[in-house]
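User: Please examine the structure shown below and work through its architecture with me. I shall ask about one feature at a time.

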Amino acid sequence: MYELKTLLPKFDINLPKCMYEMKNLNTTTLAEDTHSGGHASVSNVSCDDAQSVVQRQEKVLLQLDELKKQLAGIRSTLGLCQKGLQHTSFVSSNNGGLREEPLHDIVINGHPNFIPYALLAMKNAWKELFTIDVKTFTHSTMNDIGKEAKAFEEALKSVPINPALPKVNVTLIWKNCEHTEMISSPTMYVPIYGEVNIIRYLGRVGPTEYRYEDSLLCNEIDAVLDICYQLLRCTTPKSKANMIRTLNNRLQKQQYFGGDKMSIADIGVHSSLRRMPSITDKDLTPSLLEWRKRAAKVTLI
C-alpha cells in the first residue's frame, strides 16, 4: 500500500491525574501469520481489564446506595422533609371513587413580620380530620425572628398530631423575602405567592369537609378570599374601613362566611385580621365581632 505522511505533528499531552488510570482496552497484539502471505492478523483481546471495570462499577454503586441510606437517616433525625416522598393517599367520594394522587411535602418561605397564621388556624381546625405537620427553620438572612414568630412556633408545636389521619408535611422557613411563597413541587421551583393562595391550595388537598369547589357557595368563598388579599395590602385607614365594610356585607346574618359551617373563607378572614394589629375590635362591626368569637373557638388564634 502507499505510505502516507503524518498530517498532524506529535504533541506532548499531559493527562489529568484526578481520575483513575485505566489500561487501553483496545490494545491488540499483532502477529505475523505464516499462512497469510505476510499479512498481519489480530489476536483475541483479553477480557480481564473489562471485567475489572465492571467490578469497580458495582462496588461504587454499592457505596452510593449505602451513602443514600445514611443521608436518609440524617434527614429523619433532623426532622427535615424527605424530598420526593409521598405521604397522603386516600379515596375520595367526590370524584367517583377515583384514587387521588399522594401529597408531596411542601415548603413555605415567610417573613416573621408577616406570620402565616392560617397554618396554625387550619392545624387547629383540622386536628380531628387532617394533619398539617409544620417544622420551622430560620434562614441565614434572618438574625432574629422576634418574639411573635417564636410564640407562633410554640403554638404550632403544641397542637397534637394524630398519625392515623391523612397528613402533609410543611417546612416553614423564616426568610428575608418580600412575599409569603409556597413551593409545592419537589422537582421544580414553582412558587405559589400569597397566604390567601396557600389557603386555597391546602383547602383543595385537605379534608373533604373544607373543600368548596363543588359547593354552591364556591364563588362566594373565592370572593371573600379575594377581599382578604386586598385587605392585607391596604395602606390607608380609609381603604381598610372599606374592606371591613365589604366583609360585613358578605357575612350578613350568617354564622360564618360559608353559611352555617366553618369554611376556608373564615380561616382566611380570621388569619388576615390577626396579621393586621392596626385593626382592633373598635374597627369591627357587631356582626364581625360575634363572628370573630365563634371563629376563635375553632382556630384558637
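Predicted model: local features only at pLDDT ≥ 70, side-chain atom pairs only at ≥ 80, totals over all residues.

User: What is the accessible surface of the protein, and what share belongs to carbon and sulfur atoms?
Analyst: The computed accessible surface is about 19900 Å². The part of this surface that belongs to carbon and sulfur atoms is 54%.

User: In what order do the strands of the open sheet lie, and which are the edge strands?
Analyst: The open sheet is formed by 5 strands with mixed pairing, in the order β4-β5-β3-β6-β7. An edge strand pairs on one side only, and this holds for β4 (131–138) and β7 (191–193). From one strand to the next, the twist averages 25 degrees. The order is thus β4-β5-β3-β6-β7, and the edge strands are β4 and β7.

User: How many bridges join β4 to β5, and how many join β3 to β5?
Analyst: β4 and β5 run parallel and are joined by 8 bridges; one of the pairs has T131 as the bridge partner of K167 in β5. Strand β3 (residues 106–110) also runs parallel to β5 (residues 167–174), and its bridge partners include N109 with I173 and G110 with W174. The numbers are 8 bridges for β4 to β5 and 5 bridges for β3 to β5.

User: Why is β5 described as largely enclosed by the rest of the structure?
Analyst: In the sheet order, β5 lies between β4 and β3. A residue counts as buried when its relative accessible area is under 20%. Strand β5 is largely enclosed because the number of its 8 residues that are buried is 6.

User: Are α6 and α8 roughly parallel or roughly perpendicular?
Analyst: Helix α6 (residues 237–251) packs with helix α8 (residues 286–299), their axes being 9 Å apart. At this contact, I244, N248 and L251 of α6 meet S287, L288 and W291 of α8. The angle is about 75 degrees, and angles of 65 to 115 degrees count as roughly perpendicular. The two helices are therefore roughly perpendicular.

User: Are α5 and α7 roughly parallel or roughly perpendicular?
Analyst: The axes of α5 (residues 218–231) and α7 come within 9 Å and cross at roughly 10 degrees. Angles under 35 degrees count as roughly parallel. Helices α5 and α7 are therefore roughly parallel.

User: Which residues of α5 and α7 make this contact?
Analyst: From α7, the contributors are I264, A265, G268, V269, S272 and L273. From α5, they are I221, V224, L225, C228 and L231.

User: Is S272 buried or exposed?
Analyst: S272 is in helix α7. Leaving aside neighbours within four places in sequence, S272 is in contact with C228, L231 and L232. With a relative accessible area of 1%, S272 is buried.

User: Where do Q252 and L300 lie, and how exposed is each?
Analyst: Most residues other than glycine have a negative phi. Q252, however, has a positive phi near 50 degrees, and L300 a positive phi near 60 degrees. Q252 lies in the loop between α6 and α7 (264–275), and L300 in the segment after α8. Q252 is exposed at 55% relative accessible area, and L300 is partly exposed at 49%.

Technical notes:
Residues numbered from 1 in each chain as written. Heavy atoms only, no water. Pairing = 2+ DSSP bridges. Helix = DSSP H or I, 4+ residues; strand = E, 2+ residues; numbered from the N terminus. Axes fitted to C-alpha atoms, helices over the stretch in contact; angles between N-to-C directions. Areas by Shrake-Rupley, 256 points an atom, 1.4 Å probe, with all protein chains shown as cover. Parallel < 35°, antiparallel > 145°, perpendicular 65-115°, else oblique. Contact = heavy atoms within 4.5 Å. Buried < 20%, exposed > 50% of the residue type's maximum accessible area, 1.4 Å probe, protein only.
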